[in-house]
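Here is a short report on one protein chain. Look over the sequence and the 3D view first, then read on.

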Amino acid sequence: MKISVAHKEAMKFEATTAKSSFIIDCPTISPIEYFLSGIIACSASDIQMLPQNQGKTVTDLVVDGEVVRSDDHPKKFNSLVLTYTFNSDADSDDMAARWVMASVETYCSTINTIRDTTKIAYTIVQTGKTIL
């Protein structure tokens, strides 16, 4: 993977990937917020893909993330708490929980990149019921 980031003006940068580009508008959204958004989006995409692979559907997916960071620079992530809220046609609560666990523990590269330095916890709310 290769990404290039070029300064455009003031505190705006353009990130270019092999497939597309986007504007990073600091301080409107800080780089660390983009970083956390990327972590969450990685897992959210798993939560859409894994059920599809089993002929199931997830709708109304929202993943909330809250990070506690060190007070001192470089202000690394100390902990990350994720809340997965969605509706699905999973055969059981265990099936829905396995989708999230598979993302967090195996498939999501961004979560697994920070796993050794960041305590990660998560809650799953499926169809209005907290299942984990």
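## Overall layout

From the N terminus on, the elements of the protein chain run β-β-β-α-β-β-α-α-β-β. That gives three helices and seven strands. Helices (H or I, at least four residues) and strands (E, at least two) are DSSP runs, numbered from the N terminus. The model is predicted: local features need pLDDT of at least 70, side-chain atom pairs count only at pLDDT 80 or more, and totals for chains, interfaces and linings use all residues. Residues are numbered from 1 along each chain as its sequence is written, and side-chain values use heavy atoms, with hydrogens and water left out.

The C-alpha atoms fill a box of roughly 50 × 35 × 25 Å, taken along the principal axes. The accessible surface of the protein chain comes to about 8,300 Å². Carbon and sulfur atoms hold 53% of that surface. Accessible areas come from the Shrake-Rupley method with a 1.4 Å probe; for residues, only the protein chains shown count as cover. The protein chain has 132 residues, and 32% of them count as buried. Buried means under 20% relative accessible area, exposed means over 50%, and partly exposed lies in between (1.4 Å probe, protein chains only).

## The hairpin at the start

Strand 1 covers residues 4–9. Strand 2 covers residues 12–16. The two pair in the antiparallel sense over five bridges. Two strands pair if DSSP finds at least two bridges between them. Together they form a hairpin, with two residues between the strands. A10 sits in the turn and has a positive phi of about 45°. E9 stands opposite K12 in strand 2.

V5 is found in strand 1. With M1 and I3, V5 makes a nonpolar surface patch of about 400 Å². Patches are made of residues with over 30% relative accessible area and no salt bridge: like charges are joined within 9 Å, nonpolar side chains (Val, Leu, Ile, Met, Phe, Trp, Tyr) within 5 Å.

An open sheet of four strands has the order 4-5-6-7, with mixed pairing. Which are the edge strands? They are strand 4 and strand 7, and each pairs on one side only. Strand 6 and strand 7 pair in the antiparallel sense over two bridges. In strand 7, T130 is the bridge partner of V125.

## The nonpolar core

In soluble globular proteins, nonpolar side chains tend to be buried together. Here the largest nonpolar core has 29 residues. A nonpolar core is a set of buried Ala, Val, Leu, Ile, Met, Phe, Trp, Tyr and Cys residues joined through side-chain atoms within 4.5 Å. The residues with the most contacts inside this core are L82, Y84, F86, W99, V100 and I111. Elements that give two or more residues to this core are helix 1 (31–53), strand 4 (58–69), strand 5 (77–88), helix 2 (93–107), helix 3 (109–114) and strand 6 (119–126).

Contact means heavy atoms within 4.5 Å. Leaving out residues up to four places away in sequence, Y84 touches a list of residues that includes S43, I47, V62, V100, I111 and I124. A97 has its place in helix 2. A97 counts as buried, at 7% relative accessibility. By the rule that leaves out residues up to four places away in sequence, A97 touches I124 and I131. Among contacts in the protein chain between residues at least 6 apart in sequence, 50% join residues at least 24 apart.

## Salt bridges

Side chains of opposite charge can pair when their charged atoms come close. How many salt bridges does the structure hold? It holds three. A salt bridge is a side-chain nitrogen of Lys or Arg within 4 Å of a carboxyl oxygen of Asp or Glu. E14 forms one with K8, and the closest N and O atoms are 3.4 Å apart. E14 is partly exposed, with a relative accessible area of 22%. K8 is also partly exposed, at 47%.

D91 forms a salt bridge with K56, the closest N and O atoms being 2.7 Å apart. This pair links distant parts of the chain, 35 residues apart. D91 lies in the loop between strand 5 and helix 2, and K56 in the loop between helix 1 and strand 4. D91 is exposed at 59% relative accessible area, whereas K56 counts as buried at 18%. D93 forms a salt bridge with K129, again with the closest N and O atoms 2.7 Å apart. D93 lies in helix 2 and K129 in strand 7 (residues 129–130), so the pair ties together parts that are 36 residues apart in sequence.
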